[in-house]
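How do helices pack against each other in this model? Take a look before reading on.

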Amino acid sequence: MILNLTIILIICVIIVAFYIFYRLRPVKKTKSDDLYNKGLNCLLKGDNMGALVLFRQVVKQNSNHINAYLQIGNILRKENPEQAAKIHQSLTVRFNLPISTQIDIHQALALDYQEMKRLDLASYEAEQVLRLENKNIWGIEFLIDIAEKTENWDMASELAKKFQKY
């Protein structure tokens with residue numbers, strides 16, 4: 001009887017030890033995460049081309065790395081806003097993205113379209129941001145800016161009131 005209890009106790013200790021070992025060990029970062037972080041560091045240093053190379057390597061390794069795609073589009077926006085918009089647009093069809101990521105995608109698209117002087121599409125994307133998050137200050141400010149550029153003073157006034165409210 002005591003032998004059986006001892007064996008059961010030893011087995012329980014082994015199970016708990018394995019659980020603690022596997023549960024508490026540090027999680028290794030993937031290589032794509034390391035490359036992504038290096039790309040962000042390049043952006044901070046102002047090396048857009050170096051960052052672009054690294055972000056492209058990230059998406060080759062991990063096609064689900066949405067933030068790397070966002071950064072690639074953001075880098076391309078000044079030189080090739082059409083290509084940036086294509087990259088960002090392709091992200092809109094991804095399923096089960098968090099609301100914050102969806103907002104980032106629509107913000108990026110709005111900025112792409114603004115760079116292309118397609119203010120109607122830029123406005124639409126900013127409205128999508130507000131649809132996802134009604135009190136999004138960036139979306140309201142962006143739409144105010146568009147309303148002023150298009151001299152839509154009624155819309156600008158209405159949005160300014162909404163802005164002051166928040």
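What follows describes two helix pairs, one after the other.

The model is predicted. Two packed helices are described by the angle between their axes and the distance between those axes. Both quantities are given below for each pair.

Start with helix α4, residues 66-76, and helix α5, residues 81-91. Their axes lie 7 Å apart, and the packing angle is about 160°. Angles over 145 degrees count as roughly antiparallel, so α4 and α5 are roughly antiparallel to each other. Their crossing is left-handed. On the α4 side, the contact is made by Ile66, Tyr69, Leu70, Ile72, Gly73, Asn74 and Leu76. On the α5 side, Pro81, Gln83, Ala84, Ile87, His88 and Leu91 take part. By class, the residues of this α4 and α5 contact are nine nonpolar and four polar, with no charged residue.

The crossing of α4 with α6 is left-handed. From α4, the residues involved are Ile66, Leu70 and Asn74. They meet Thr101, Asp104, Ile105 and Ala108 in α6. The residues of the α4 and α6 contact comprise four nonpolar, two polar and one charged.

Look back at α4 itself. Ile66, Leu70 and Asn74 take part in the contact with α5, and Ile66, Leu70 and Asn74 also meet α6.

Notes:
Residues numbered from 1 in each chain as written. Predicted model: local features only at pLDDT ≥ 70, side-chain atom pairs only at ≥ 80, totals over all residues. Heavy atoms only, no water. Axes fitted to C-alpha atoms, helices over the stretch in contact; angles between N-to-C directions. Helix = DSSP H or I, 4+ residues; strand = E, 2+ residues; numbered from the N terminus. Parallel < 35°, antiparallel > 145°, perpendicular 65-115°, else oblique. Left-handed = near helix turned anticlockwise from the far one by under 90°. Contact = heavy atoms within 4.5 Å. Nonpolar A, V, L, I, M, F, W, Y, C, P; charged D, E, K, R; others polar.
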